[in-house]
Amino acid sequence: MSLRIGIDLGGTKIEGVVLDGSREAARLRVDTPREDYDATLAAIGRLVVDLEKLVKDGSRIPDPGSGPRATIGIGIPGTISASTGLVKNANSTWLIGRPLQQDLEHVLHRPTRIANDANCFAMSEAADGAAAGAKVVFGVIAGTGVGGGIVVEGRSVGGANGIAGEWGHNPLPWPDVEDAGRLCYCGKRGCIETFLSGPGMTADHKRSTGIRLLPPEIVEAARAGDGAAEQTLRRYERRFARALASIVNVLDPDVIVLGGGMSNLTRLYTSVPRLWGDFIFAAQRRTQEPNEPNEPIEPKTRLLPAVHGATSGVRGAAWLWPEKPPIA
Ligand SMILES: [Zn+2]
């Protein structure tokens with residue numbers, strides 16, 4: 001088994017890990033040089049050198065020039081444009097418009113794979129997490145935003161535009177009267193993210209009660225018997241079920257893994273699969289008799305919490321070099 005380095009390039013921290021198989025052999029973390037592109041490249045270069053030094057004692061890494069070294073995968077909060085090779089959609093704005101992959105390969109002296117953080121999350125969980133062994137995996141990060149990534153047979157799917165899995169800015173499907181489309185920061189109305197993100201739940205609760213609570217406070221209030229908080233959670237679950245049913249209808253994944261702050265809402269793992277059957281095509285066996293109710297068929301897709309939690313970013317970046325290369 002070869003050594004894999006994974007780097008998670010965040011807005012405030014750059015974290016790096018060395019995986020030896022599934023085992024974590026070393027880990028380091030440095031501050032991100034904010035607003036400074038050249039310093040960011042240099043910091044990643046130093047981090048890789050330091051990580052390799054840490055594991056070199058185990059003599060798994062040969063001296064430079066004397067054979068294959070650790071592979072390097074990098075997770076970024078954005079995507080690399082397929083047409084220009086430049087970073088786009090990044091909230092770390094000093095990366096935008098830069099040829100990050102080309103520049104990193106120059107600094108690191110080897111081919112480097114880059115994917116957005118949701119794809120890294122999906123890779124991590126598909127490689128040796130909640131979805132280990134599953135053929136088709138959809139990874140969802142629901143926190144301050146909502147993102148997604150797709151892994152098929154152990155390979156990350158980037159897509160022709162580098163946006164495969166980005167469902168957070170699709171509209172919420174099968175809307176009810178309570179789902180009036182609100183303006184999203186992306187400029188569209190009624191995006192899934194405006195409902196399923198943490199701020200989305202807070203805003204929804206405030207609309208119905210006038211009270212501003214964070215999601216953990218809403219969960220606590222519901223547990224303590226607050227009926228309005230319970231209704232907010234039920235609306236959230238129904239929306240989550242419909243949003244995921246639309247994914248099942250297109251991708252039909254074996255496993256959907258949830259990560260991010262909202263994945264701590266443990267009741268989702270029972271309530272959502274109970275609700276999504278109404279929207280998953282052919283989840284009901286149609287009877288020929290008009291008065292006979294349709295017979296529900298249990299969808300085979302499983303909804304599971306992430307295993308690796310906060311370490312998924314770095315682990316998934318390392319797994320961008322699996323046994324098989326990523327798909328486009
Ligand atoms: Zn949007």
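The model is predicted: local features need pLDDT of at least 70 and side-chain atom pairs count only at pLDDT 80 or more, while totals for chains, interfaces and linings use all residues. Residues are numbered from 1 along each chain as its sequence is written, and side-chain values use heavy atoms, with hydrogens and water left out.

**Asp-128.** This residue is placed in helix α3; helices (H or I, at least four residues) and strands (E, at least two) are DSSP runs, numbered from the N terminus. Asp-128 is buried at a relative accessible area of 19%, where buried means under 20%, exposed over 50% and partly exposed in between (1.4 Å probe, protein chains only). A polar contact of 2.9 Å also joins the side chains of Asp-128 and Ser-22. Leaving aside neighbours within four places in sequence, Asp-128 is in contact with Ser-22, His-308, Arg-315 and Trp-319, contact meaning heavy atoms within 4.5 Å.

**Salt bridges.** Side chains of opposite charge can pair when their charged atoms come close. The structure holds 18 salt bridges, each being a side-chain nitrogen of Lys or Arg within 4 Å of a carboxyl oxygen of Asp or Glu. Three of them are listed below.

| Pair | N to O distance |
|---|---|
| Arg-23 and Asp-20 | 3.6 Å |
| Arg-242 and Asp-179 | 2.9 Å |
| Glu-237 and Arg-267 | 2.6 Å |

In the pair of Arg-23 and Asp-20, Asp-20 is buried with a relative accessible area of 17%. The salt bridge between Arg-242 and Asp-179 links distant parts of the chain, 63 residues apart: Arg-242 is in helix α7 (residues 227-251) and Asp-179 in the loop between β10 (155-157) and α4 (192-196). Arg-242 is buried at 2% relative accessible area, and Asp-179 is buried at 6%. Both residues belong to a network of salt bridges that links Asp-179, Asp-204, Arg-207, Arg-235, Arg-239 and Arg-242.

Glu-237 and Arg-267 meet in a salt bridge. Glu-237 lies in helix α7 and Arg-267 in the loop between β11 (255-259) and α8 (268-275), so this pair ties together parts 30 residues apart in sequence. Glu-237 is buried, with a relative accessible area of 5%, whereas Arg-267 counts as partly exposed at 26%.

**Largest pocket.** The largest pocket has a volume of about 1200 Å³. On a 1 Å grid over the protein atoms alone, a pocket is an open set of points where a 1.4 Å probe fits, with protein on both sides within 12 Å along at least five of seven lines; lining residues have an atom within 4 Å of a point. Grid points are joined across faces, edges and corners, and the volume is the space filled by probe spheres set on the points. The lining of the largest pocket has 41 residues, with Pro-77, Asn-91, Asp-117, Ala-118 and Ile-141 nearest its centre. Elements that give two or more residues to this lining are β2 (13-20), α3 (117-128), β8 (136-142), β9 (146-152) and α9 (312-318). The largest share, three residues, comes from α3.

Definitions and conventions. Polar contact = N/O pair within 3.5 Å; in protein donor to acceptor, adjacent residues only side chain to side chain.
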